[in-house]
Amino acid sequence: MTSQRWSVGLLLVGSIWVASATAHAYGRGIDVADCSGCHSGGRAPMMRFTSTPAMPSPGSTARIRIEIEAVNGSAGGFRIATSGPGSLRTVGEGTRATGEDVIVHSTPRTASGGWVTFEVDYVVPSGTGDVQFTIGGMSANRDGGSRGDGGATIRRSLVWGCAGSTFYGDLDGDGYGAASRGSITACEARDGWSARDDDCDDNDGMAHPGGTEACNRRDDDCDETVDEGTATATLYPDADGDGWGGREGDPVTGCDRPGYGVGNDDCDDRDPGTNPGATEVCGGRDEDCDGRVDERVRPVCGVGMCARASLSCDERDCMPGDPGVETCNAWDDDCDGATDEESDLCPDGQMCDLGLCVGEGTPRRDGGVSRLDGSTTTPPPPVSGGCSIAARASSSVLPWIAALALVVAARRRRR
């Protein structure tokens, strides 16, 4: 949701576009998983999740309480989604369901005692099972815009009919997880999760406890020792002692031989800070030996489609690109920090949804359903990757004749 304000806008009422008075950031809560596309500049709040009861019985209802730390101001909003069986139900006012598995705020709430609180009910299925919740929270300053706000996301689990076990993220799929990848509580293991959390390199499926050690300068068996007891390998002279062989000299057979290193692709064997495993630093050199200089480390200026890398390591040599005309494509074409924020990007009767012009009731790519307008007095929420939390949008309808004249004038300007 864009934080822009406008003095005169257009609303779709029935099939006629009418003018609205000054409008502010949309406050009804948009069903998106991440609000960072709109809100920025504030601190990420702490969040608390409580289920009553903590271990519900099959077929019962659990009351879920979400608390968001009010670190940026008095306002807060949230989104909770489930991944698994069962369904969510709203509790009281100020929240709305966008399906059986998602509930968002319909009105931002005010903090009490330093925390903003929302509650929902989770209807527990019969039998044995578990569910995973993804909860996004936003702490906002209620200034009518989106600057100075901050959000956070947590994931929590609920089980019923079983004791539940902890499983850890297993990104590389080798059967060994890592606590740094996060954890869930579930009745049984599932793909992408492991009961073990001792993988020393969850980006490498060959590296895990019990793995086969190879002569590669890595700890393949996670015993905190490198290349121990490995078979012979071909090594090359390593003049700078960085462990990477250079491109000159005769190879030898072995592993962990003094004066020799793995491979022969060290592009500067006189500098231990230059090798295929080094980190690229902006300074006019190819530290990581990939044939490119200062890639991805030069200063960047501009936003959206105007973002450009500097010609040198000096940010004063950076020149942003020229802004273009905003179109419905999920990009910030006009470089104002907002995406697809204009109200006239699509033909009449359609809205811009995740980069596509769609009509009322069109299934969204994120699983929801597109809606042009929830009522005749509030504008359709533009989907821009965020969910503004501010004062509720306000509008006043001008006379029909003035509205139609405004439409004609806008169309003439576009021509």
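Q: Which residue in β18 does Thr234 stand opposite?
A: Thr234 stands opposite Thr253 in β18. The structure is a predicted model, in which local features need pLDDT of at least 70 and side-chain atom pairs count only at pLDDT 80 or more, while totals for chains, interfaces and linings use all residues. Residues are numbered from 1 along each chain as its sequence is written, and side-chain values use heavy atoms, with hydrogens and water left out.

Q: How many bridges join β17 to β18?
A: Three bridges join strand β17 (residues 233-237) to β18, and the two run antiparallel. Strands here are DSSP runs (E, at least two residues), numbered from the N terminus, and helices are runs of H or I with at least four residues. Two strands pair if DSSP finds at least two bridges between them.

Q: What is the strand order in that open sheet?
A: The order is β18-β17-β19, three strands with antiparallel pairing. β18 (252-254) and β19 (260-262) are at the edges with a single partner strand each, so one side of each has no neighbour in the sheet. From one strand to the next, the twist averages 55°; axes are lines fitted to C-alpha atoms, for helices over the stretch in contact, and angles run from 0 to 180 degrees between N-to-C directions.

Q: Changing topic: is β9 covered or uncovered on its faces?
A: Both faces of strand β9 (residues 102-105) are covered. Val102 and Val104 on one side, and Ile103 and His105 on the other, are all buried, where buried means under 20% relative accessible area, exposed over 50% and partly exposed in between (1.4 Å probe, protein chains only).

Q: Which strands does β9 pair with?
A: Strand β6 (residues 75-83) is joined to β9 by three bridges, antiparallel, with Val104 as the bridge partner of Arg79. Strand β8 (residues 95-99) also pairs with β9 in the antiparallel sense, over four bridges, and there Ala97 has Ile103 as its partner. A hairpin through two residues joins β8 to β9.

Q: What else does Arg79 stand opposite?
A: Arg79 stands opposite Gly136 in β12. Nine bridges join β6 to β12 in an antiparallel arrangement.

Q: Why is β12 described as largely enclosed?
A: Eleven of the twelve residues of strand β12 (residues 129-140) are buried, so β12 is largely enclosed by the rest of the structure. Eleven antiparallel bridges join β12 to strand β13 (residues 147-160), where Arg155 is the bridge partner of Thr134.

Q: And overall, how many helices and strands are there?
A: The protein has one helix and 23 strands. Of its 415 residues, 42% count as buried.
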